Amino acid sequence: MTDAAERLQLLDWKRQLSELYGKIRTANDPSAAWTAWRTTRDTLFLNHPQSPLPAGDRGLPRRPSYYPYDSDARALADIVGVDEMPYEIVANDGTTSRFTHFAAARFTLFGQSCELGLFWLEGYGGGLFLPFRDGTSGAETYGGGRYLLDTVKGADLGIDGGRLVLDFNFAYNPSCAYDPRWTCPLAPPGNRLPMALRAGERTAPA
């Protein structure tokens with residue numbers, strides 16, 4: 001297959017995810033939106049040529065696995081500006097990607113005060129990136145952390161009343177959790193939640 005054909009396949013993958021997140025942002029029922037998100041991701045993982053899964057692993061045991069939906073895992077975050085600073089985020093293969101740490105998201109989750117750094121991808125157009133680790137990382141979820149927001153790839157839960165929507169039921173493992181051929185920026189060690197967050201995608205069965 002030519003590089004051009006693969007890029008068009010990737011474009012289709014991103015387009016389908018962007019359309020999915022557009023529906024999530026306008027949904028009245030977050031739980032129903034999450035069910036649609038799961039169903040669409042399962043279909044893409046099993047059938048799309050740009051699936052993170054190796055072609056030989058696209059069966060039921062290797063499809064994404066999730067914790068049950070938890071309405072308490074949804075928060076609205078206040079965005080607090082910080083002194084902007086360049087930040088090189090390390091990927092699973094040891095390379096780095098250049099971001100700017102430009103703000104912090106402050107919110108309450110399960111009765112605990114939390115703060116996560118917000119990063120902006122440096123490059124044409126840019127994009128918001130919010131990776132994180134928690135007490136499940138390396139045990140029940142991917143050790144390098146999970147992603148919640150990655151607007152370059154369409155993962156955008158929107159704004160509600162001027163605050164950033166952080167619904168951790170939509171947290172997902174990066175592609176490299178399924179196949180190391182993918183290069184994925186990993187969550188910086190400081191972007192860690194103070195609890196074991198059993199919401200969103202978990203480690204798939206081997």
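User: Why is Cys-114 called buried?

Analyst: Happy to walk through that one. This is a predicted model, and in it Cys-114 has a relative accessibility of 6%. Buried means under 20%, so Cys-114 counts as buried.

User: How many disulfides does the rule give?

Analyst: The count comes to zero disulfides.

User: Thanks! Now Thr-141: where does it lie, and is it buried or exposed?

Analyst: Thr-141 lies in the loop between β5 and β6. Its relative accessibility is 1%, and because the limit for buried is under 20%, Thr-141 counts as buried.

User: Which residues does Thr-141 touch?

Analyst: Leaving out residues up to four places away in sequence, Thr-141 touches Tyr-67, Asp-134, Thr-136, Arg-146, Asn-173, Glu-201, Arg-202 and Thr-203. For each of these contacts, the test is heavy atoms within 4.5 Å.

User: What makes β6 and β7 edge strands?

Analyst: Seven strands form an open sheet, in the order β6-β5-β4-β3-β2-β8-β7, with antiparallel pairing. The strands β6 and β7 are its edges, as each pairs on one side only.

User: How do you know that β8 pairs with β2 and with β7?

Analyst: Again, at least two bridges are needed. Strand β2 (residues 74-90) and β8 have four bridges, with Ala-77 opposite Leu-164 in β8. Between β7 and β8 there are two bridges, and Ile-159 has Leu-164 of β8 as its bridge partner. Both pairings are antiparallel. The β7 and β8 strands also form a hairpin with two residues between them, and Gly-161 in the turn has a positive phi of about 60°.

User: Why is β8 called mostly covered?

Analyst: Four of the five residues of β8 are buried.

User: What lines the largest pocket, and which element gives the most?

Analyst: The largest pocket has a volume of about 830 Å³ and is lined by 37 residues, with Asp-150, Lys-153, Ser-175, Trp-182 and Thr-183 nearest its centre. With seven residues, α1 gives the most to this lining. Elements that each supply at least two residues include α2 (30-47) and β3 (96-109). By type, the lining divides into 22 nonpolar, eight polar and seven charged residues.

User: What about the second largest pocket?

Analyst: That pocket holds about 190 Å³ of space. Of the 13 residues lining the second largest pocket, Ile-24, Arg-25, Arg-74, Leu-157 and Val-165 are the closest to its centre. The elements α1, α2, β7 (159-160) and β8 (163-167) each supply at least two residues of that lining, which divides into eight nonpolar, no polar and five charged residues.

Note on methods:
Residues are numbered from 1 along each chain as its sequence is written. This is a predicted model: local features need pLDDT of at least 70, side-chain atom pairs count only at pLDDT 80 or more; totals for chains, interfaces and linings use all residues. Side-chain values use heavy atoms; hydrogens and water are left out. A disulfide is a pair of cysteine sulfur atoms within 2.5 Å. Buried means under 20% relative accessible area, exposed over 50%, partly exposed in between (1.4 Å probe, protein chains only). On a 1 Å grid over the protein atoms alone, a cavity is a set of points where a 1.4 Å probe fits but cannot get out, and a pocket is an open set with protein on both sides within 12 Å along at least five of seven lines; lining residues have an atom within 4 Å of a point. Grid points are joined across faces, edges and corners, and a volume is the space filled by probe spheres set on the points. Ala, Val, Leu, Ile, Met, Phe, Trp, Tyr, Cys and Pro count as nonpolar, Asp, Glu, Lys and Arg as charged, and the others, Gly among them, as polar.
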